[in-house]
Every structure is written in C-alpha cells, then in structure tokens.
Amino acid sequence: MSSECSSSSSDENEKKVNVQELVPATGWHSDSARASTQNSVTEDDGTISIANRTEDEEGHKLEFDFSTGTYRISSRGVDSSNLGGRVNRRRETVATESESGDFDHPSESQRVVNRVASENWFENSGIGEEAPCCVWCCSTPEDFDDYDSIQNPSNDGEIRVKTGGCCRSIRAKFLKLWIMMFHESSWVLLCTLGILCSVLAWCIDEAVAILLNSKAKLANAAQSSVVSYILWSVFTTILSLSAVLVTKMISPLAAGSGIPQMRSMLAGFAIPGYLSLRTLASKVVGLLLALGSGMVIGKEGPFVHISCIIANQMLRIPIFREIQSSPALRKQTLAAACAVGVSSTFGAPIGGVLFSIEVTSSLYQTSDYWKAFFCVVCGAFAFKELSFFGQSRNNVVSLFTTDFTPLPYKFIEIPLFLILSALCGYISGFFVILHKVVSDIRHDPSSPRYITNVYSFTTLVALITTGANYPLGDFMQFSLHDAIGDLLTNDEITHAPNSPHWDNPTLFINLLLFAAIKFLLSVLAINLPVPCGVFTPVFAVGAALGRFFGELVFLMGGRTVTAGGYALVGAASFTAGATGTVSTAVIVFELTNQLSYMLPVLLSVLIGQAAARQISVSIYESLAETKNLPSFPHVRRQSSYSLPIYKIMKKRTACVPRVVTKAGIEQALLRADNFKLDPYYLFALVDNLQEKHYLGSVSWKRMHMLLQATDIWAEEVEIDMVEHCALDKSTIGINYSTSLNDAINYFDVHKQMSFFVLKQARVIGKLYLTDITALCENGQL
C-alpha cells in the first residue's frame, strides 16, 4: 500500500514523497514476517506529517513520524520504553524528487528508519529513552558540511547523511568521556602536583633570598664591625629560634629531612599525622625561617616531604577519590611526589626520579615510571619558566653556571680523580658517624642541660655559626648556592662571580676552612628540631675539598688542569658517599647542564659510595635509626642472600588447634612470645597440635574477644575456631627452604611483620622482620 504527500517550499515547487519506499528498505522486518503496513499523511499550514506504522507477525511494531523525526518501537507484552526510545530531532533536509520521479538521495528520507536496523541491534545499542536517531553514525563532534558516507549496521550498504550540526547526545557523550578521563586518569593530579610544588619551591627560594639580603643590609648598615657582627648574630639566632618554636608548636613531625619517614611510609608503615595540613604549615614556615637564618642546611629532604603532603591533600578532592581509595594508586602518587620534590629543588627531572627511587623505595614497579616522569617534567617546565623572575635564580639554563670545554681533562688525570673520590668517600662516611655521635649526645639524659634543651642547643649552634662564618670573609657569609657556584667556576677562583676574596689571606687555607667549618656546622644543624636537608651542605663540602685538590695539582705543575672539574668530582663523590645514591651523577649533569666530566663523575660516584660504606651507613639510614623508624633490612654479605630462612627463624610458635577448649585458648595466650602485648600478634591456626597443618591465622585481639564471649562457653565445652572466630587466611606461610632475599621481598610486597614457616604444610616456626633487621645491623647477615 502506498500514499503520496506534497509540501510547499520558498524556492521549490511542490514535491512528492513515496512513503511506501520508506519501510521495506529498513530491513527491520523481512518480507516473510511482514503482516501489515499502514501509512497516513496530513497537511496543515504547509507542514507535512507522515506517520508510518509497521507490524510483523511476532508483534514488533515500528511507528515513525517523518515531520517530527520521531519513532517508537514496541513489542507484545513488553513496554516500549524498554525496547526503544523516542527521539526528537530537527529535520535538516527534505528528500527531493528527480525528473524520473525517484529520489535524488533516497537514503536521506530513509536514514531515520534505517538507524533501527533490527530489534537486536536497537536493544543492545545502549540507547536510553532520549537518544538521537543517528546515535551510531554521528561519531565525531565536528559539524558535517557535506554528505558523509556511513556504513549501515543492517549491512544494506552506505548511507549518505547531511546534517547541519552535531547531535546533543554526541556532545553529551564526549563530555561524559572527558569527565571519565578526568576522574579515572591520574594525569591531571600529576600535572597539577608538579606545577604546584615547583611554584611553592620558587616562592620559598624568593622568601629566603629576601631574608638573607635583609640580614646582609642590616649588618652592612652598622657603623662598626662589632655592631655589624652583633646584628648578624642576633638576626641568625632569632630566626633559628623562631624556626624551632614554629616547628614544635604547630607540628613536631615537620622536624628533620622527611626522606627516611617517606621511605617507611612507602614501605607500608603508617606514621599518623605525617601528611597533615598542620605538618605542611609547620614544614614550610620552619624551613623558610631556618634557611633564612643562614644555617648550614639543605632543602631537598623537606621538599620531598612537602610534595608528599600536597599530593596527599589533593587526593582528598572528590574527583580523585578513586586514587585515594586504592592503596596501590596512592603509593604511586606519593612516589611521584617524592620525585617532584627533588626535581623542584634542583631543576633536575631525570635525576630527581632516580634519586627518589634510591632513597625512598625498597621495591619499585617500573610501570610507575611514567607517572613520576610526567610529574617531574611538568614541574621542570614551571621551574624553568619561573627562573626568569625573582632574585634567587639568576640562571635559567641550569642551577649552577659552568663552561667547561668538551674534553677538559686528560686520561692521565683519571687516577687523580679516583684518589680524590676515595678520600671524599671516607670523609663522607666520617660525616655520618659524627652526626650519629652528636645525636646520641643530644638524646643522652646524662648530657648537660644546655645540650638536651632544644632552645639552648639551638642558640648555641646559631652563635657558633655566626662566630665561624662572619669573621672569615664574604665567601663564608654567602649562601651555599653562591659558594658552590664559585667553587665550580672554570676560571680562577679569584674571578668568581660571587666573591673575589677566596685568596685572602691564602686560597688553600680558605678552602680548608670552608670545608671544615661547613662540615661541622652541617653536622650540628641537621640535629636541630627544624626542617632541614643534607644534600646541599655535603655537596658544598665536597666541592671545596675537590677544589682544594685541584688547586694543589695545579700548583704542583699541572698547568693544564681545570680545578673546577676536580670540585665537581669531589662534590659528586662526597654526596654519593653521604647519601648512598648513584643517581647523584645524573643530578650533577643536570645541575651544570654539561657532560664534559661524565666519565670522571660516574667513577667518582661509585668509588665514593664504596669507600663510605666501608665505615658507615648512609645518612638517611642513620636518620632512620636515630628516629627508630621501621624499615626493611639491607643484606650486606653475599653469602646471606641464599641463606635458607629456617636457620634464622624462631622455632617456638604459638599454635591454636581448630577444635579447642577455653583452657586451651588461655594456654596458647600464655605460650605466645608477645611480650609487648601487641593486639595484632598472630597465632597459627592448625588442625591439631600434633600434625600442625596450617589453616590460617588468628590475632591476639580476636582470641581475647573469644574468651570474653560467655554465651559461647556456657553452651559448649569445645568450639570450632573456624565457626566462632574470624579466620585470617591472608597471612601466608612460606616454605622453610626459601632464601633470605626472597623472604625480604615477601615482607615488602605483603606489608607484614611476620610469616609462618611451613614444611610440607606443617608449621615449624615463625620468621620476624625485626629479627632480620637486627641481624643485618649487627653485621651478621
């Protein structure tokens, strides 16, 4: 059956549309299944209304109104809203009839019906109650200015569609996709984190530069040198005491470096309040005052802590709640924050990532690399851009200006570099030992009160700092950044950009005094309860020692020797020995923006660290021991790596049988070696005390709660622990022949403090992480 209709147009004559051709071309129902087709045409004020209804033998109905662009599909016994949708769409084009009476573009008049190619496709397409008729064909938000060839889902060939703009639902879908990317991806968080940390670092640098310049202007304004020295000392003492006061009053957790604490937290050990806003405020203000006072401290450790706090607080934003709820994603974000903390300090993105991995991670997944690099690259971009502004960074290319020639050394100098590296390595090991001695004296109750009291000790250190720095000359009064820039200069040090007075009275004496005084002052300053870092002070000390060695070689006849190169090698080896990191070499390359001394620096880093480890641990391990921070042990002996764990396990293990009486539970609690009454101490649940087949674990707390459940014991003499107690099957048991190195990896991955040791599924002992750590610290492993 067919019908025709006509419409009027402003620029065309009346055109007729064959409605009968609309339905058979759809493919919605086959010829064999077709039962009836009804069409109706109405015309009112030039508006065409075409209604087409088709029903097959199975009761599926298709209703379509061409004038409004609406359709409805329904089925017997099924609500039409479940099978199809109703769509309102503006009609863009009316198909015109050619001279032969056919359509110029018949697919245009059929495109709405052709979208519903089959009931199956429609139902599974995910179209809701409101969807566009071209939901499957409008795949991009760009406007179509001409006909586009689209493949029909009913495999009837191409459909040519002309439309003046994109559908609303397509815009909505792209908006939904954008929101989904914004919610589920971490790139927004990492980019924002990198930029925020770099901006904050720049702000602190500028504030510190203002404080140091104010102190210098105040001292220079005095009429006599005595008054100038007094003003200098008072300024340093007041700012130092203010830094201690702010740290203690706001959050004592802000004191120290921050790297050892973050290493423990990334290993799975919790430190309550360490990533709070109070700690952030205390860390930022305390670091600003401590650096502004002129104390011999660095800022890379505090910036690592600051970056982690910012990352942790950003995770509280609702759009990042999925990252916050996942421990793995949260750890990845904090690891990236550690990297950007180092990068924002030195402007060294690659070295920052490697350094953070070395000092904060015992187990690092390489799949997390991209997050750390993406974060530090965003931060490095902000770092470079901000270097154009302010007075703290006068070089936008690199943090320190060097102009070494492409090959500034000869092969015969390599042994000299190795000797210098070994000397700096041993001295850096002594630096760590001296720090530990001072820390023990400070916390010894038998020490004098002016040592144990925080404020008196801070005042003493401030006075020693001013008394040692001020009288010797301006090269001692400048910041460590300016001093390092002078020591690394390629020219004679008397032509240094910051201080030309290094040779007054003699260069060698001044270099030795600089190295020795900064060495001792740094040891004292990092024991103060203020935010402080270690990298910059040890880098300056190493540069002074290297410069002294290079000037000595030059004096002994090496007229072609570049003393600044020896300063660079000395700084790299001393820093690597103190911090225990190889990535120092990469940081040195990025700090100077040159690879001229690549081979000597790489050798010096290895030699310096090897020499330092002969006499001491790294400074970060020493700080962790001083603060009693939990950490994973480091096996030092090669023979201990393959040592089976049954040789170091505790054979006495508290076991509880599955079927037990109340007296049996009490006896198990008494047999346990839980001397600290740890509520999370674990008992091994076994089938019986003779065979001891491992079933799971039960905590000390659960056992006590079970004893207090009087209703259970009133009814039963014996109970089944599996039915009445929460069984923890996540505590795995490891084989007794497992190597020590593998066992440490198990501790790191599973974040547990103990494991049950099994032999043929029977419990034979228990392995504690604290026991392994004690054996490693004592040198037995």
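**Reading the features one by one**

User: Which residues of α12 meet α22?

Analyst: On the α12 side they are P349, I350, G351, L354 and F355, and they meet V586, I587 and E590 in α22. A contact here means heavy atoms within 4.5 Å. The helix names come from DSSP runs (H or I, at least four residues; strands are E, at least two), numbered from the N terminus. Keep in mind that this is a predicted model: local features need pLDDT of at least 70, side-chain atom pairs count only at pLDDT 80 or more, and totals for chains, interfaces and linings use all residues. Residues are numbered from 1 along each chain as its sequence is written, and side-chain values use heavy atoms, with hydrogens and water left out.

User: How should I describe the geometry of such a pair?

Analyst: Two packed helices are described by the angle between their axes and the distance between the axes. The axes are lines fitted to C-alpha atoms, for helices over the stretch in contact, with angles from 0 to 180 degrees between N-to-C directions. For α12 (residues 349-360) and α22 (residues 584-592), the axes come within 8 Å and cross at roughly 160 degrees. That makes α12 roughly antiparallel to α22; the scale is under 35 degrees for roughly parallel, over 145 for roughly antiparallel, 65 to 115 for roughly perpendicular, and oblique for the rest. Their crossing is left-handed, a term for a near helix turned anticlockwise from the far one by less than a right angle, with clockwise giving right-handed.

User: What is the handedness of the crossing of α5 and α6?

Analyst: That one is right-handed. Helix α5 (residues 187-220) packs against α6 (residues 225-250) at about 155 degrees, with the axes 8 Å apart, and the two are therefore roughly antiparallel. The contact involves residues including L211 and K215 of α5 with W232 and F235 of α6.

User: Now sheets, please. How do I read strand order and edges?

Analyst: Strands of a sheet pair through backbone hydrogen bonds, either parallel or antiparallel. In practice, two strands pair if DSSP finds at least two bridges between them. Here, three strands form an open sheet with mixed pairing, in the order β14-β15-β16. β14 (733-735) and β16 (762-768) are at the edges with a single partner strand each, so one side of each has no neighbour in the sheet. From one strand to the next, the twist averages 40 degrees. β15 (residues 754-759) runs antiparallel to β16, joined by six bridges, and K759 sits opposite R762 in β16. Helix α29 (residues 740-750) packs on this sheet, touching β14, β15 and β16, and its direction makes about 130 degrees with that of β15.

User: How many residues of α20 are buried?

Analyst: 17 of its 21 residues are, so α20 is largely enclosed by the rest of the structure. Buried means under 20% relative accessible area, exposed over 50%, and partly exposed in between (1.4 Å probe, protein chains only). Helix α20 (residues 535-555) spans 30 Å from first C-alpha to last, close to the 30 Å expected at 1.5 Å a residue; the expected span is 1.5 Å times one less than the number of residues. G557, with a positive phi near 125 degrees, follows α20.

User: Is T345 buried or exposed?

Analyst: T345 is buried, with a relative accessible area of 3%. This residue lies in helix α11 (residues 327-346). Leaving out residues up to four places away in sequence, T345 touches K299, E300, F303, F383 and L399.
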